[in-house]
Structures are given as C-alpha cells and as structure tokens.
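Here's a quick briefing to read alongside the sequence and the 3D view. Have a look at both, then work through the points below.

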Amino acid sequence: MKRFNRIFTVAVFIFLYAPILLLVAASFSSGTSLSNFEGFTLSRYSELFSDKNMLGLLLNSLIVALISSVVASVFGTVSCFGIRRLGRRAQKTVMTVTNIPMTNPEIVTGISLALLFVFIGQMLKLKDVMGFWTLLIAHITFNLPYVILSVMPKLNQLDRHVGEAALDLGCTPIKAFFKVTLPEILPGIISGGLMAFTMSLDDFVISYFVYGPAFTTLPVEIYTYTKKPLPPKLYALFTVLFLAILLVMIVMNIVQARDDNRSRRNKNAKGEITLTRI
Amino acid sequence: MKKTVAIALILCAVFALFPVSSFAASDSVPLTGEVINVYNWGLYISDGTDGTLDVNAEFTRRTGIQVNYSTYEDNESLYTKLKTGGSSYDIIIPSDYMIAKLIEEDMLEKLNFENIPNYKYIDESFKNTDYDPTNEYSVPYTWGTVGIIYNTKYVDPIDSWSALWDERYSDKILMFGNSRDAFAISAFLLGLSINSTDEGEIRQMADKLAEQKPFVQQYVMDQSYSQMINEEAWLVPYYAGDYLVMAEENPDLAFCHPKEGFNVFIDAICIPKSAQNKSAAEKYINFLCDPEISGGNMDAIGYSTPISEAKQYMDPETASSAIAYPDEETLERAVSFTNLPTETIRQMNSLWTSIKSGNGLPWYLFVIVGVAIAAAAIFIVIRKKKRNSY
Amino acid sequence: MKRRNNVFKLLLSGPYLIWMAIFVLVPMGMVLYFALTDPDTGRFTLDNLMGIEEFLPVFGESVWLAAVSALLCIVIAYPVAYVIAKAAPSRQRVLILLVMLPMCMSFLLRTLAWVALLEDTGILNRLLGSLGIGPLKLIRTRGAVILGMVYNYLPYMIMPLYSVLTKLDRRLIEAAEDLGCSGTQVFFKVILPLSAPGIISGTTMVFVPAVSTFYISKKLGSSGTALIGDLIESQFKQSYNPNLGAAMSLVLMVMIFICMGIMNRFAGQDEVSRI
C-alpha cells in the first residue's frame with residue numbers, strides 16, 4: 001500500500017509536469033509547432049529579448065501584480081484591525097462579503113466589474129475607462145480576500161496581553177504595534193501578499209473583461225495569441241518565468257526553513273509545525 | 001555645445017546626400033507622444049516577421065505617432081466591443097455589412113479627406129459602394145472572397161459547399177466561428193439569399209447548420225491556421241487571403257470557390273465615434289493607402305488590394321494569383337453582404353448560440369445526480385442527528 | 001476615549017467596507033439589473049431568465065463535467081497529500097513547492113501543451129503510431145475536457161488536503177488502533193471524517209473554476225462540449241447580448257452559492273475554509 005502510494009505520487013507529479021517540460025523543450029526547438037521537436041536552437045531567447053512588445057506586456061503584468069498585491073497587503077492588514085473591532089454580527093457580514101470574490105466564479109466577477117466600469121465610464125463621459133486603473137482595481141479587489149483571510153487568523157491567535165504588556169512597559173501604541181504586533185502577524189501578511197501576487201500575475205479571466213486597448217497584461221495577450229499560430233518565443237518566455245518562479249520559491253523555502261527551525265527551537269514544548277503555504 | 005550641433009548638422013547633411021530607401025530605419029521622426037489605438041482583425045497586417053514590412057513600426061518611424069495595436073476575431077466581436085463601451089479605438093477595419101450597420105447606428109466619424117490625399121489611389125470600383133454610398137465614412141483596406149480551403153492529401157477535389165457536410169470528413173471539418181459567414185454558407189447550399197430577412201428561411205439555414213454540427217471539429221476563426229497547417233483538420237471555409245499564407249506553410253492545401261456561389265467582401269478602414277485622436281488616425285489611413293505600403297502589406301497578408309497601383313510593389317506571383325484576384329467568370333458567382341435589420345441579426349445570433357452550445361447531457365442524468373446528492377445529504381443529516389442523540 | 005475608539009474603528013474598517021461595497025456588491029447588483037431588464041427598452045423583464053431554459057442542458061453538462069473532475073481530484077489528490085504529509089519535514093516543503101509551482105505558471109500555455117500531446121497528429125498519437133496502434137480519439141472528447149480540468153485544478157485539491165492531514169492528531173489514530181480498528185477502519189472512521197474540511201474546501205476550489213471555465217472546453221473539447229462559461233463569454237464578447245449573459249451568470253452564481261451553502265452546512269462550519 002505504502003509503495004503503491006509512493007509510485008502513485010510520482011505518477012501524479014509526472015502528470016503535473018509533463019506539459020511544463022514540453023513547453024520548456026519547445027523553447028529550444030527550431031520548429032514552430034509544439035508537437036514537433038525539430039532541432040536545438042537558442043534563437044527563441046534572442047527573439048524574446050529583442051521583442052520590446054512582449055517584454056512590455058510582461059512588465060505590465062508585473063506592475064499590476066506588484067502594485068495590486070502590495071496595496072492589497074497594506075489595505076487588507078489595516079482593514080483586519082478594523083474588522084476585528086466591529087461587533088460580532090457586523091464582523092460576520094463583512095467576512096461573508098469578503099468571501100464573495102473567492103467563491104464567485106471568476107467569469108462572473110469579471111463581467112460584473114466590467115459592467116460597473118462601463119457604467120462609471122458613461123457617468124463620467126470617459127471614452128476609454130478600461131485600462132490600467134480598471135485592471136488595478138479589479139486585481140486589488142480579488143487580492144484583498146487572500147490577504148484578509150491569511151492575516152485574520154494570525155490576528156486572532158495574537159495574545160492580547162503581550163501588546164498590553166508592551167504598553168505597560170512604556171511603549172507608545174505605535175511603537176508597540178511595530179515592535180510586538182507586526183512581527184507576530186508578518187508571516188500572515190507575507191503569505192497573503194505572495195498568494196495575491198501569484199494570483200494576480202497569472203490572472204486571465206478577470207483581466208480579460210476589464211483590460212483596455214492601451215494597457216493589456218501578458219495572459220490576456222496570450223489568449224488572443226492562442227487563436228493564431230503561437231510565436232515560439234512565448235515558450236522561451238514561459239521557460240524564463242518558470243525558472244524565475246522556481247528560484248523565488250527555493251529562496252522562500254530556505255528562508256522559511258530557517259524560520260521554522262528557529263521557531264521550533266523557541267516553541268519546543270508546543271512542537272507545532274507551521275504550515276508552509278504561500 | 002556648438003561643436004556637437006555642428007557635427008550633428010554635418011552628419012545630417014551626409015545622410016541627406018545618400019538616397020535612403022524609405023524602409024531604412026535611419027531618418028525616423030522623433031516620437032510626438034501621440035498614440036493611436038488600432039483595432040484590426042487577427043493576422044491582418046504585415047508585422048515584420050520573416051523580413052516583411054512592419055507596417056506599424058514604419059508608420060511610427062515616418063510620423064512619430066505610436067500605435068497601440070490590438071486584434072479582434074470577427075465583425076461581431078468588434079461590434080460587441082464598440083457597443084459595450086469602455087474602450088476607445090481610433091482605427092477599426094470592419095467589413096462592408098458591418099460598416100453599414102455602424103453608420104446606421106451613428107457609431108462612425110465622418111472622415112476628413114483633406115488629410116487623406118492618398119485616397120486618390122483607390123480604384124473607382126471601390127468607391128460609391130452600397131455600404132457607404134456617399135464615401136464619407138470609410139476607406140477600403142482590402143477585398144477578398146470566401147471559399148473552402150482543403151488538404152488534397154485527404155480530401156478529393158471539391159467544388160461545392162456540400163463537402164463541409166460530408167460525413168467522410170467527420171471531425172476533420174472546421175467551421176466559421178461567426179454567425180454571418182456560417183449562415184451564408186448554409187444559404188448558398190439551400191439556394192437562399194445570404195441577405196434574407198425571412199424568419200422561416202433563417203430558421204432553415206440554422207437547421208442546415210445544426211445538421212452539420214456532428215461533423216464539425218470546432219467553430220473557429222484564425223485558429224484554423226495551425227489546425228490546417230499541421231493537418232489536424234482537413235477542410236475549412238475561410239478567406240482566400242488566408243489561404244495564400246497557409247499554403248506557404250503547407251503546400252498540400254488547395255482552395256476552391258464553390259459552385260453555389262460565395263461571399264465577396266470589402267474591409268474598409270473607419271474611425272469610430274469613440275476615437276480620441278482623429279487627425280492622427282487619418283494620417284494612419286493615409287499611410288495605409290500609400291501604394292507602396294499597401295503592396296508590402298498585402299504581400300504579407302495575402303488579401304487583395306483595392307489599389308491597382310500597389311501591385312507594382314508586390315511579389316508578381318501574389319499580384320497575379322487567381323485566388324486573390326479571381327477572373328470575371330468566377331466573380332459572377334460572388335455575392336456581397338448587406339446590413340440586416342436588428343431583429344434578423346438577433347434571431348441569427350440566438351440561433352447561432354443554440355447551435356454552438358453543447359449538446360448537453362440527457363435530462364435524466366441530471367435528475368439522477370440530483371436525487372443522488374439529495375439522498376447523500378439526507379443520509380448524512382440523519383447520521384449526524386443519530387450521533388448527536390447518543 | 002470610547003468615542004475616539006469608535007472613530008478609530010471606522011477609520012480602519014471604513015475604507016474596506018466602502019471598497020467592498022463598490023467593487024463587490026454593486027457589480028453584483030449590476031448583474032442582477034442586466035439580467036432582469038430588456039436589452040432594447042431597459043424595462044423590467046423575466047425574458048432573459050426564461051430564455052435560459054434552452055441552455056439548461058449546457059448547465060447540466062457543465063455541472064456534470066465539473067463534478068466528475070472534482071471527484072477525480074479527490075481520489076487522485078488524497079494519496080498524494082497523504083504521502084506528502086507523511087514525508088520528513090524538509091522533503092515536505094520541497095514536495096509542496098512542486099505542487100504549487102504549476103499553479104503559478106500560465107494555465108493557458110499549459111492547456112495548450114495538452115492539446116499538443118493529445119491531438120490526432122499530436123505527440124501521444126505519434127508515439128502510439130510508432131508502436132503500431134492506430135490513432136486514438138483523445139482530444140475533443142468529454143474525457144479530454146475532464147483531463148484538462150483535473151490537470152489544472154488538482155493542486156487546489158492537494159493543498160487543503162495536505163494542510164488538514166498534517167494537522168491530524170496522531171494520537172487519535174493510535175487510539176483507534178488500540179481500540180482494535182483495522183487499517184481500513186481507521187481510515188474510514190477516523191482519518192477520512194477528520195479530513196472532511198479539507199475535502200470540502202478543495203472541492204469548492206476545484207468545482208467553481210471548473211464549472212465556469214471557458215478556455216479548457218474550447219481547446220480540449222469538441223463542437224459538442226461547449227460549457228456554460230463559453231456561452232457567457234460569447235454573450236459578452238461576440239453576440240452582444242449582455243442581458244442574456246448576465247442572466248446566465250446570475251443562475252450560475254446562485255447555483256454555486258446554494259451548493260456551497262449545502263456543503264458548508266454538512267461540514268458543520270460557518271466560515272468557508274480556504275487553503
């Protein structure tokens with residue numbers, strides 16, 4: 001049974017990675033088709049790095065993902081403090097609303113935001129309301145729940161007395177916040193923010209409904225590309241992104257491992273394993 | 001400071017002495033900061049791949065105006081995008097019937113032809129058209145015909161639309177993804193008018209299309225390129241210009257203008273009401289009408305140019321292709337689209353949605369699953385209650 | 001002091017409440033409004049909702065395919081999550097990283113890679129062909145769509161299952177064993193019920209995107225497997241009928257919220273679980 005489970009797991013990983021490896025292999029192929037490997041070449045990479053258009057789209061995606069995840073992290077964390085001060089019933093209602101973007105199908109979120117933006121555009125007599133700002137607002141909106149749902153539990157775990165102790169010992173409330181509270185909830189903020197960043201970077205469905213001609217993100221452009229013969233430099237881009245994300249994850253892994261070791265030493269008695277999640 | 005200016009001037013003079021070809025990258029105009037949003041069909045402009053002319057880059061180089069280029073799949077998608085609002089485009093290139101519709105709904109700007117001197121190159125036969133009788137709203141970009149592209153390796157020579165209903169090629173047939181082109185094929189086959197507004201006739205066309213569905217691999221537009229080139233599909237009704245491009249990649253492909261008749265279209269450049277930079281857009285239109293640019297552009301996209309003078313800049317083989325420029329006899333079978341009343345379009349769209357939507361599962365399966373879920377739910381509730389009562 | 005506290009509270013939570021109201025609740029209202037109005041006159045009508053009747057089989061198909069995918073995901077993800085949860089901590093981290101990595105990569109391109117694998121002229125069929133097995137009908141089947149869904153959303157099932165399984169108290173299992181339970185009994189009576197929250201949150205995370213997808217079915221499905229997502233997309237992007245599209249979205253949304261409500265009820269937990 002155990003052996004079966006292991007073999008099965010390996011098989012699942014092969015299943016998960018086969019298409020990725022295929023795309024990586026295609027980036028080195030001199031043919032244009034995904035299903036034919038013709039000959040080894042690195043020219044796809046030089047094509048990619050000389051294509052300002054595609055790099056610009058990548059930059060657009062990164063900008064939207066970075067700004068939206070940072071804004072969502074800060075905004076979400078501040079809001080968490082506020083939400084916690086609300087009454088029980090209000091708190092519950094707010095959390096239900098927070099869950100809506102998480103449980104709503106992305107396509108519905110996308111079209112509902114598009115309807116709203118077009119409506120606002122008509123109100124303000126703006127001809128080109130769709131673009132950077134609508135993308136950013138949409139991304140912040142679907143990023144916020146990720147941050148809130150990962151900061152909230154940390155905040156609930158927080159020992160109130162520690163904060164009070166800090167105040168008693170003469171800290172100003174602001175100092176107490178930065179010295180005591182923030183370090184405690186920081187892992188929650190970081191994991192929420194990172195989750196938001198990756199979600200935002202690869203979001204296609206919602207962006208597809210709110211992008212504008214002047215500002216598009218990479219996934220949206222890939223979608224319009226996939227209706228035509230795909231330029232093979234996209235595979236090169238995929239490979240570069242794959243390596244970049246792999247690198248980031250490895251670094252995070254090392255950092256987290258160190259962090260875990262430290263906290264395990266600290267909380268030896270409890271012996272609880274912190275979950276690694278992004 | 002003075003020295004550098006002097007050197008720059010000398011350099012300029014030196015460059016000016018040499019007759020620089022207009023495609024060279026040297027004498028580019030500095031960017032003006034102006035940007036126009038161009039919204040065009042997919043794969044419908046020469047973009048510089050494989051050493052062809054890069055139309056948009058060339059325009060920026062000559063005028064300093066930058067181009068934000070994006071694409072749509074078909075006239076209906078373009079119309080939806082414009083109608084939905086929220087996005088501003090300075091240039092669009094719809095087909096004839098769609099231009100008529102857009103004019104009717106007051107969605108196009110009148111062009112200022114003083115800014116478009118190259119309009120004089122447009123052949124007379126493309127002026128005073130049915131869709132824009134007063135030549136106020138549009139400047140022809142290309143024209144072309146619709147026919148069947150097929151792979152001679154797998155498909156016997158064909159001359160009729162009925163090949164797309166041939167069971168032997170089941171799952172290897174691609175079909176138009178937009179309603180108007182699809183209904184037209186059905187109309188030709190049934191001997192009806194492609195501009196029919198009769199409810200019963202439209203229904204007949206829809207029934208014919210529904211008949212075809214089991215044999216259709218997918219309803220697509222430009223996706224047919226890769227499908228046809230790598231022989232995943234064998235037959236597709238598509239535009240003649242695209243055939244010329246596909247045939248370069250796969251020489252086994254052939255094209256036919258079916259005997260029942262086929263659609264001939266003109267795609268023309270327009271400026272929608274949402275445009276924000278009309279004068280720059282007019283410069284762009286003027287630029288596209290430059291015979292040299294049009295020639296280079298048509299060479300790459302394979303469509304037919306409405307500017308006879310452009311042919312001298314084209315690959316002679318493309319310029320004399322019987323597929324891009326069919327003879328009189330063939331063109332006698334050609335019919336163009338006219339704008340249909342909104343009711344008819346709506347009927348067509350809703351029938352088309354039904355045809356394209358999945359077959360669905362038999363109803364009883366849905367009921368069975370529902371009952372099963374309900375049963376499981378009740379079972380769990382009862383068990384929970386029992387457990388709680390201990 | 002009390003009043004200052006109140007102001008502080010509003011200052012902290014107010015912007016969030018306003019944001020969510022404008023960008024979550026109002027848009028939902030817009031969907032409702034479009035679903036219930038006539039495209040021409042803008043008057044109240046139920047025609048859009050009634051018009052959906054014709055597309056009920058498509059809803060059925062979408063739900064069916066998504067449900068089968070969710071079920072398959074549970075069956076596949078469970079052993080994997082179990083193996084990962086049992087592994088040594090350092091290896092656990094690496095494995096989880098490997099599960100998450102595909103989630104971050106462009107799902108459009110990865111789905112396209114499956115097309116290249118499954119096509120009639122694709123890699124698998126050519127491999128089979130060289131072994132003398134005729135080309136199989138792999139792509140453009142329901143199976144291919146389900147495969148696409150399982151492939152894309154499997155990590156979303158593994159993650160919550162893994163996080164539940166790592167929290168599992170070993171002592172409970174030992175207790176069950178001491179009380180004379182067999183291996184399978186321990187699994188069905190102790191481990192499985194305890195991992196219910198993970199299964200439920202995983203199921204929602206797989207089912208919701210799967211039921212509303214419009215890319216997977218387009219690429220891996222045939223002309224006969226258009227799903228509800230495809231229909232909604234085409235109303236907004238091609239056929240220009242936002243009212244019908246909104247009505248479809250509304251039905252889809254209500255359907256999902258009902259499903260979620262029922263599931264959460266059975267899980268006996270109020271808050272929606274997450275990864």
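How many residues does the contact take from chain C, and how many from chain A? It takes 69 residues from chain C and 65 residues from chain A, where two residues are in contact if their C-beta atoms, placed from the backbone, lie within 7 Å. Bear in mind that this is a predicted model, with local features needing pLDDT of at least 70 and side-chain atom pairs counting only at pLDDT 80 or more, while totals for chains, interfaces and linings use all residues. Residues are numbered from 1 along each chain as its sequence is written, and chains are lettered from A and ligands numbered from 1 in the order in which they are written.

**Chain C against chain A**
- On the chain C side, the helices giving at least two residues each include α1 (2-35), α3 (56-86) and α7 (142-167); helices are DSSP runs of H or I with at least four residues, strands are E runs of at least two, and both are numbered from the N terminus.
- α1(C) brings the largest share of that side, 15 residues.
- That side of chain C splits into 50 nonpolar, twelve polar and seven charged residues (Ala, Val, Leu, Ile, Met, Phe, Trp, Tyr, Cys and Pro count as nonpolar, Asp, Glu, Lys and Arg as charged, and the others, Gly among them, as polar).

**Chain C against chain B**
- Here 26 residues of chain C are in contact with 28 residues of chain B.
- α3, α12 and α13 of chain C are the elements that give two or more residues to the chain C side, and α3(C) has the largest share with five residues.
- The chain C side divides into ten nonpolar, ten polar and six charged residues.

**Cores**
- The largest nonpolar core has 144 residues, and Val210(A), Val31(C), Met157(C) and Ile158(C) have the most contacts inside it; such a core is a set of buried Ala, Val, Leu, Ile, Met, Phe, Trp, Tyr and Cys residues joined through C-beta atoms within 7 Å.
- α7(C) supplies the largest share of this core, 16 residues.
- Leaving aside neighbours within four places in sequence, Ile158(C) is in contact with Ala77(C), Val80(C), Ala81(C) and Val99(C).
- A second, separate core of 110 residues includes Tyr44(B), Ile45(B), Leu82(B) and Ile229(B).

**A strand pair in chain B**
- Five of the five residues of β6 (216-220) of chain B are buried, meaning that 20 or more other C-beta atoms, placed from the backbone, lie within 10 Å of a residue's own.
- β6(B) pairs in the parallel sense with β5 (173-176) of chain B over four bridges; strands pair if DSSP finds at least two bridges between them.
- Gln218(B) in β6(B) is the bridge partner of Leu174(B).

How values were computed: Buried ≥ 20, exposed ≤ 12 C-beta atoms within 10 Å, placed from the backbone.
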